[in-house]
Amino acid sequence: MKARAALVALHRWLGLTTALFLVLTGLTGSLLAFEHELDAWLAPELHHAAPPRPGMAALDPLVLRERVAAQLGPAVQVSGVTLKTRPGASTQLYVDAAPGQPPPGYDEVYANPYTGEVLGRRDARGLHWGREYIMPFIFELHCVLALPTPWGQLVMGLVAVLWTLDCFVGAWVTLPASRHPGSAAWWRAWRTAWSIKRLAGTFRRILDLHRAGGLWLWAVLFVFAWSSVMFNLRPYVWQPVMALAFEFDDSWRELPPRPPASGPVALDWPQALAAARLAMKELAVRHDLQLHFEERLTHNPEQRTYMYMAHSSADLRSDTGNTAVLVDADSGAALAHWLPTGGATGNTVSNWMGALHMGHVWGLPYRIFVCLLGAVVVGLSGTGIYLWWKKRQARLRTARLRQAAALPAVLSR
């Protein structure tokens, strides 16, 4: 019984410690399930683009990149371009400061894919006023409390660890206190924890909602809690634990040392795209992949690499490609690759965890489920606070009554 009381107390304090954080992440997570739609509604000038005349073809993405670069000036370099054009939508490009230049104050550029006209610029990681910054701010708030790196990741990572631990402690305290676990009577007693008692008072109904809601959604809540650890504390907590059961391929992140080089890279963008396409085709042959469409090409001048992303049969998302190859910006040789599924088991599990967390699988029905789950997380945290407060009030009343009962005896001495 002492062990059970200790677990109940641990569940209470784990819940109270994480409650406000989970309320915040639950609310913001519900909105992020429809991040693109909300962002396009709030900032249509960034996301919508129409051809000047019907039937006009979009520009080649690299030609578009050159036109945008000319408009931004020599102090800014366009380091990434989206290769896929969506009808009626703008094309997103990624920028940073040219060598020796100060930061431009923005890292995203949106352009009309038919004309190359710059439609808008945005600093997706900064704190700014304006409706076009609402969804980026919500994203930062959800992920790192809008705190600077690495403090936001550390705080949210620790919260995620406590949340994951509380998933197990919370489930354990719902088990019946019995000397015969697993017996028919034990199962019958535990069954009541999964239900909501009818004709009960407010406190009991909220208790049942809190307990049954946590049990029925336990598996998905655990996935979201543990994947939150992955996003924030991957190399320190998540991967060392998962490596006990799964194999990981970290060659993408752990490239061999390369001799330092200076000056411009040998491959320009068209040459890099050709080399990357060849590397992707070779990857597809080796792993028996079907390639569907191109996604993005980005250049890292410090690493002297180009990263090319495409959509393949290994991808989990239907609308975005995450199959990637990394090529040397001087020789065009393939340095590494990334497979969303079909590679090392640990990598596949990682991608599934991330896709489930962000609502990137199973289409609109699952995104609606993720949106509603955010509200459930808020509800579980809110009911937990309510139950703690009511029990605390009851304990304080009992203590005052005991003091009042003991007062005559003390005065009569």
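Two rings of Phe, Tyr or Trp (its six-membered ring) count as an aromatic pair if their centres lie within 6.5 Å. This tour moves through a predicted model, and the structure holds 15 such aromatic pairs.

**Stop 1**

Select W186 and W190. The centres of their rings are 5.7 Å apart. How are the two planes set?

Together with W186 and W190 they form one aromatic cluster.

**Stop 2: a pair set edge-to-face**

Next, select W362 and Y366. Their ring centres are 5.3 Å apart and their planes stand at 85°, so the pair is edge-to-face. Y366 has 10%, so Y366 is buried.

**Stop 3: the second largest pocket**

Select H11, D166, G170, V173 and H210. Of the 31 residues that line the second largest pocket, these are the closest to its centre. The space in this pocket comes to about 900 Å³.

Which helices supply at least two residues each to the lining? Colour these:

- α1 (2-32)
- α6 (151-172)
- α8 (202-216)
- α9 (218-242)
- α12 (363-411)

The most comes from α1, which gives nine residues. Sorted by class, the lining consists of 17 nonpolar, nine polar and five charged residues.

**Stop 4: a threonine in a loop**

Finally, find the strands β6 (305-312) and β7 (323-328), and select T320 in the loop between them. Is T320 buried or exposed? Its relative accessible area is 12%, and the limit for buried is under 20%, so T320 is buried.

Show the side chains of R317 and D319 as well. The side chain of T320 makes a polar contact of 3.3 Å with that of R317, and another of 3.5 Å with the side chain of D319.

Then look beyond the neighbours within four places in sequence. What else is T320 in contact with? Select K84, R86, F293, E295, H311 and D315: T320 is in contact with each of these.

Methods: Residues numbered from 1 in each chain as written. Predicted model: local features only at pLDDT ≥ 70, side-chain atom pairs only at ≥ 80, totals over all residues. Heavy atoms only, no water. 1 Å grid on protein atoms, 1.4 Å probe; cavity = no way out; pocket = protein on both sides within 12 Å on 5 of 7 lines; lining within 4 Å. Points joined across faces, edges and corners; volume = space filled by probe spheres on them. Helix = DSSP H or I, 4+ residues; strand = E, 2+ residues; numbered from the N terminus. Nonpolar A, V, L, I, M, F, W, Y, C, P; charged D, E, K, R; others polar. Phe/Tyr/Trp six-rings, centres within 6.5 Å; stacked < 30°, edge-to-face > 60°. Buried < 20%, exposed > 50% of the residue type's maximum accessible area, 1.4 Å probe, protein only. Polar contact = N/O pair within 3.5 Å; in protein donor to acceptor, adjacent residues only side chain to side chain. Contact = heavy atoms within 4.5 Å.
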